[in-house]
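Welcome! Have the sequence and the 3D view open as you read.

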Amino acid sequence: MKNISGKLNRDVKALKTLLPAEDILTFAFTSERGLAFTLVYADPITDKELLGEQVIRPLLNYEGGAKAKAIGEKLTSPELRTEKALEKLAEEVLAGNPVLLFEGADEAVIAGTKKVFVRAVAEPSTDVVVKGPREGFIEDVKINTSLVRRRFKTGELKMDMLEVGRRSKTAVAVCYLEGTTKKSAVDDVKKKLGEIDIDYIPDSSYLTHFLSSRPYSLVKQVGTTEKPDIFCAKIAEGRVGLLVDGSPIALTLPYLLIEDFQSSEDYFVPPYRATFTRLLRLFALIVAVYLPAFYVAAQLFKLQLFPVKLLLTIAGSIRDIPFSPSLEMLLVLLVLEVLNEASIRMPKYVGMALSVVGALVLGETAVSAGFVSTPAIIIIAFSGIGLYAVPNLIEQTGVLRLVMLLVAGSVGTYGIVLVTAFVLLYLVTTENFGVPLVAPFSPMKGRDLRDSLVKYNLGSLQMRPETLKSPNKRRLG
Amino acid sequence: MKTNSIAPRQIFFFLACVAPAGKLVLLPARLAEAAGNNLLFPALFHLVLSAAAVFCVLLLAKRRESFYALLQGTFGSAAAKILCSLFALFLLFASFLPLLEQKLFVQSVFYDTLPSVVSFAPFFLFLAYLCSKPLSSFGRVWDILGPLAVAAFAGILILSAPSADYAALLPAGAAGGNGFLQGARAGASWFFDAALLIPMLGKIDYRKGTAWKGAACYLAGGAGVLFFLATFYGIFEGIATNQLFAFSATSKYFSGITVLGRIDYIFIYALALVMAFSCALPVQCAAECLLQACGRKKYLPTLLGVGASALLFALSLLCDYKFADVLAAVSGLLYWLFPLFCLLVPALMLLFLLKGGRRETA
C-alpha cells in the first residue's frame with residue numbers, strides 16, 4: 001500500500017488519481033507562517049460550514065511545524081485521525097471525511113466533518129403501539145446506535161463496527177451485551193458478515209440472505225424490528241443485534257418463530273391480556289391460512305363439515321356461480337392481493353378511490369353479477385385481515401395460504417393435513433446459529449414457555465431464555 | 001440437548017401420546033370382532049407385554065450404542081449386518097398394515113365419495129421427505145405432536161363418552177379363554193412400539209430412570225386406549241365390529257353437532273396429522289436399520305427413503321382392493337412375527353448383554 005510522500009503537490013495528485021470523480025474537490029490555503037495545506041473532500045457529503053469552522057479557520061494562524069500531531073492539536077474538530085496510506089485516505093474521503101494534506105507531512109489528518117442527511121426519529125408505521133415507547137430507528141446508523149446506547153448505560157454494551165459491501169462499504173454495527181450474549185454467537189455473526197462478498201448493501205434485508213442457514217427457505221430466519229425498545233430487549237435476552245447504515249430495520253439473531261407473535265406492548269399490559277392477545281394472533285393466523293382452504297375442500301370433497309343450515313345458505317349463494325369453488329376462491333384471493341399491492345404503492349389521495357373501486361365495484365358488483373359468491377368474499381376478507389394480525393410473517397403466510405388453497409382444491413382436506421405435516425417437519429428441523437426455529441415448543445423448554453404464547457408476569461421471568469444459551473442466565477434479582 | 005439426540009421427554013411423548021394414536025382406527029373393531037365385550041383384556045395383555053419390552057429397550061439405551069454396534073459387539077460384523085437387515089425387513093412389513101389402514105381411513109373419512117386411487121399418493125412424497133431427515137428429528141416432532149395428540153384425544157373422548165353405555169362391557173370374561181386368545185392374536189400386529197425404539201438406540205439421551213418412566217408413560221397412554229376401547233364398545237355394542245374407523249365414528253353422536261356441525265373433525269384432523277407421522281415412523285426406522293447395516297454414505301438416506309416410499313406406494317396400489325386379504329395374512333398367519341421381533345429381540349439382547357457384561361466383569 002502506497003504512503004504519502006510529504007510533497008504536497010505529488011500527494012494531492014496521487015489522491016486525485018485514486019479519486020478521479022468530479023465531485024471530489026480540493027481546497028488549498030496557506031497559514032500565516034507560510035505552511036501550505038490542501039483539503040481533499042467529497043463535495044456532496046462534507047459539511048463545508050463545519051470544515052471551515054473546525055479545520056480551516058484554526059489553521060490560518062497556525063505557527064507550528066509540519067507535524068500531524070501538532071496540527072491536530074490546533075484543530076477543534078472532535079473526530080480526528082491520522083493516516084499514511086493513500087488508499088485508506090481515499091476511503092475516508094469517500095466516507096465524507098475530508099483529508100488534510102500539507103507540505104512536508106509525515107501523516108495526513110482526517111477530520112470528521114461528514115454531512116449527515118437524516119429524518120427525524122418517528123414512530124415506525126409497521127409497529128404502532130398504544131402503550132409503550134414510540135421511537136423508531138431511522139436510516140443513520142450513528143443515530144440508531146445512540147438510541148440503543150441511551151437505553152444501556154453500561155460498558156458491557158459492545159457495538160463493533162464492521163464494513164460490508166465492496167463498493168458501498170456499508171457500516172454495520174454488531175451490538176451485544178458482553179457476558180450476556182454467547183461469545184460464539186457473536187463470533188459466528190461477525191464471521192458470516194466478514195464472508196459477504198457483494199458490492200452494494202442497500203438495506204439490512206440484504207444481509208438476512210447471508211445470515212440464514214437456509215437462504216432459499218420460505219421461513220424467515222433472522223428477526224427484524226424498527227423499534228429500539230424491542231431491539232434492546234432482545235439484546236438483553238442474549239441476542240446479537242445488527243444496525244445497518246441506510247436501513248431503519250434492525251436485525252436480531254438468533255431468531256425464534258415465537259418472536260413474531262410477541263409485541264412490545266405485551267410487556268406493558270397485564271400478563272393475562274398479553275396472553276389473550278398472543279393466542280388471538282395465533283388463532284387469527286391459523287384461520288387466515290386454513291379457512292379458505294377448508295372452505296374449498298369442504299365444498300368439493302366433504303360437505304359434512306358444514307352445519308346443515310350453513311350448508312343450505314352456502315348452497316343458495318353458490319348455485320349460479322360459473323366457476324369451480326377453488327377457481328372462485330383463487331380469483332377472489334388474486335383480486336385481494338392486487339388491491340393490497342396497489343393500495344400500498346398508490347399515492348394516498350388515490351387510496352380512497354381505490355377502496356371504493358375495490359369494495360364496491362369489484363366486491364358488490366361481482367357478487368350481484370354472479371361471478372363470485374358472498375361467502376367467498378367474506379372468507380377471503382376475514383383471511384386477509386387475519387394475516388395482518390402477525391404482520392412480520394405476512395410474506396410467508398401469504399404463500400402458505402395459496403399453497404393450502406391449491407392443495408385443498410386438488411387433494412381435499414387430507415392434502416391440507418399433509419401440507420401441515422410437511423411444514424411442521426420443515427420448521428422443527430430448521431436451525432440458525434444453533435438455535436431451533438420453533439423453540440421453546442420444539443425442543444420443549446419448560447421455563448421458556450413462560451414467555452411464549454402464554455405470558456407470565458414479570459416476577460416469574462427471572463431467567464433469560466434457555467434456548468439462547470446465555471452465559472449470564474439470571475436477569476431478575 | 002444435542003441436536004442429533006432424542007431427549008427422554010421426547011421418548012415419553014411418543015410412548016404416552018403418539019403411539020396410542022395408531023390404535024384408534026381399526027384395532028377396536030378387530031378386537032370387538034374377536035373378543036366381543038371382553039376386548040379390553042387382550043388389549044391390556046399386549047399393553048403390559050409391550051411396556052415390558054419398552055422397558056428392556058430403554059435399558060439397552062443406557063449403553064449409548066446403536067443397535068448395530070450392540071449386535072456387532074455380541075455377534076460380530078457379518079451377523080450384525082444380517083440381523084440389522086432382517087430387522088429392517090420386519091419394520092417394513094410391520095409398516096404396511098398401518099399404512100393401508102391409514103389409506104382406507106383417509107379415503108373413507110376425508111371424502112364424501114370414494115376418491116381416486118392416487119388421492120393417497122401425496123403421503124408417499126411426505127414419507128420420502130421424512131426419510132431423508134435424520135431419525136432424531138422425530139424427537140422434535142414429538143414435542144409438538146405429544147400435546148396435540150393429547151388435546152385431540154381428550155376432545156374426542158369428551159364428545160364420545162356421554163353417548164357410551166359402559167355396562168355393555170359386562171359381564172367381564174363372558175368371551176372366555178378362546179375369545180381372549182382370538183383377541184390377542186388379532187391385536188398383535190398393532191403393538192410393535194418397542195421395536196420402533198430399537199433403531200433409535202444410541203440416539204436416546206438416556207438419563208436416570210428413563211427406562212421405568214418410559215414404560216410407565218406407555219402404560220399411561222395404554223390406559224387412554226383402554227378407555228377409548230371401553231367407550232367405543234359402550235357406544236356401538238353389537239355393531240362395534242362394523243365400525244371400522246373407530247375414532248371418527250364415536251364422536252358423531254354428540255348432541256351439539258346438529259347445531260355446530262362436525263366440530264369433532266377438528267380433533268380427527270389433528271389425530272390424522274399425528275397418524276401421518278406415526279405411520280411413517282416404522283419406514284424411517286427400517287431405513288435407519290439399513291443405514292446402520294450398510295454404513296452411512298452421502299445420498300444413501302435419501303435413496304433409501306425414496307426407495308422404501310416407492311416400494312410401499314406400489315404395494316399399496318397392488319393391494320388397493322385386497323385389504324381384507326392383507327389383514328388376514330398379517331394378523332392371522334404372520335402374527336407371530338410381532339412378538340418375535342418386538343418382545344423376544346429386546347429381551348434376548350438384554351440377556352446377551354447382561355451375560356457379556358458379567359463375563360467382562362469377571
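A residue is called buried if 20 or more other C-beta atoms lie within 10 Å of its own, exposed if 12 or fewer, and partly exposed in between. By that rule, helix α3(B) is mostly covered, as 15 of its 21 residues are buried. Please keep in mind that this is a predicted model.

**Helix α3 of chain B**

- How far apart are the end C-alpha atoms of α3(B)? They are 30 Å apart, which agrees with the 30 Å that 21 residues should span at 1.5 Å a residue.
- B:C56 has its place in this helix, α3 of chain B.
- Is B:C56 buried or exposed? B:C56 is buried, because 23 other C-beta atoms lie within 10 Å and the cut-off for buried is 20 or more.
- Leaving aside residues up to four places away in sequence, B:C56 touches B:P346, B:A347 and B:L350.
- B:C56 and B:L70 are 14 residues apart along the chain, and their C-alpha atoms are separated by 14 Å.

**Two helix pairs in chain B**

- Two packed helices are described by the angle between their axes and the distance between the axes.
- Take α2(B), residues 27–35, and α8(B): their axes come within 8 Å and cross at roughly 155 degrees. That angle is over 145 degrees, so α2(B) is roughly antiparallel to α8(B).
- The crossing of α2(B) past α8(B) is right-handed.
- On the α2(B) side, the contact is made by B:L27, B:R30, B:L31, B:A34 and B:A35. On the α8(B) side, B:G179, B:F180, B:Q182, B:G183, B:A186 and B:G187 take part.
- Sorted by class, this contact of α2(B) with α8(B) has six nonpolar, four polar and one charged residues.
- Now look at α5(B), residues 77–109, and α14(B), residues 300–318: their axes come within 11 Å and cross at roughly 55 degrees. These two helices, α5(B) and α14(B), are therefore oblique to each other.
- α5(B) and α14(B) also make a right-handed crossing.
- Which residues make this contact? B:L92, B:F96, B:L99, B:L100 and B:K103 come from α5(B), while B:A308, B:L312, B:L315 and B:S316 come from α14(B).
- The contact of α5(B) with α14(B) divides into seven nonpolar, one polar and one charged residues.

**Where the chains meet**

- How many residues of chain B are in contact with chain A? There are 30, and they meet 28 residues of chain A.
- The elements giving two or more residues to this side of chain B are α6 (122–131), α7, α12 (257–260) and α13 (264–294).
- α13(B) gives the most, with six residues.
- By class, the side of chain B that touches chain A has 20 nonpolar, four polar and six charged residues.

**A loop in chain A**

- The loop between β10 (250–253) and α9 (271–301) of chain A holds A:P254. A cis peptide bond joins A:L253 to A:P254, with omega about -10 degrees.
- A:L256 is found in the loop between β10 and α9 of chain A as well.
- A:L256 counts as buried because 25 other C-beta atoms lie within 10 Å.
- Not counting residues up to four places away in sequence, A:L256 touches A:V435, A:L437, A:A439 and A:T467.
- A:L256 and A:T467 are 211 residues apart along the chain, yet their C-alpha atoms are separated by 9.3 Å.

**Backbone details in chain B**

- Most residues other than glycine have a negative phi, and most peptide bonds are trans.
- The peptide bond from B:L170 to B:P171 is cis, with omega near 0 degrees. B:P171 sits in the loop between α7 (137–160) and α8 (176–187) of chain B.
- B:R64 is not a glycine, but its phi is positive, about 55 degrees. B:R64 lies in the loop between α3 (40–60) and α4 (67–75) of chain B, and counts as partly exposed because it has 14 C-beta neighbours inside 10 Å.
- B:E237, also not a glycine, has a positive phi of about 45 degrees. B:E237 is in the loop between α10 (210–236) and α11 (246–249) of chain B, and with 16 other C-beta atoms within 10 Å it is partly exposed.

Note on methods. Residues numbered from 1 in each chain as written. Chains lettered and ligands numbered in written order. Predicted model: local features only at pLDDT ≥ 70, side-chain atom pairs only at ≥ 80, totals over all residues. Helix = DSSP H or I, 4+ residues; strand = E, 2+ residues; numbered from the N terminus. Axes fitted to C-alpha atoms, helices over the stretch in contact; angles between N-to-C directions. Parallel < 35°, antiparallel > 145°, perpendicular 65-115°, else oblique. Left-handed = near helix turned anticlockwise from the far one by under 90°. Contact = placed C-beta atoms within 7 Å. Nonpolar A, V, L, I, M, F, W, Y, C, P; charged D, E, K, R; others polar. Expected span 1.5 Å × (residues − 1).
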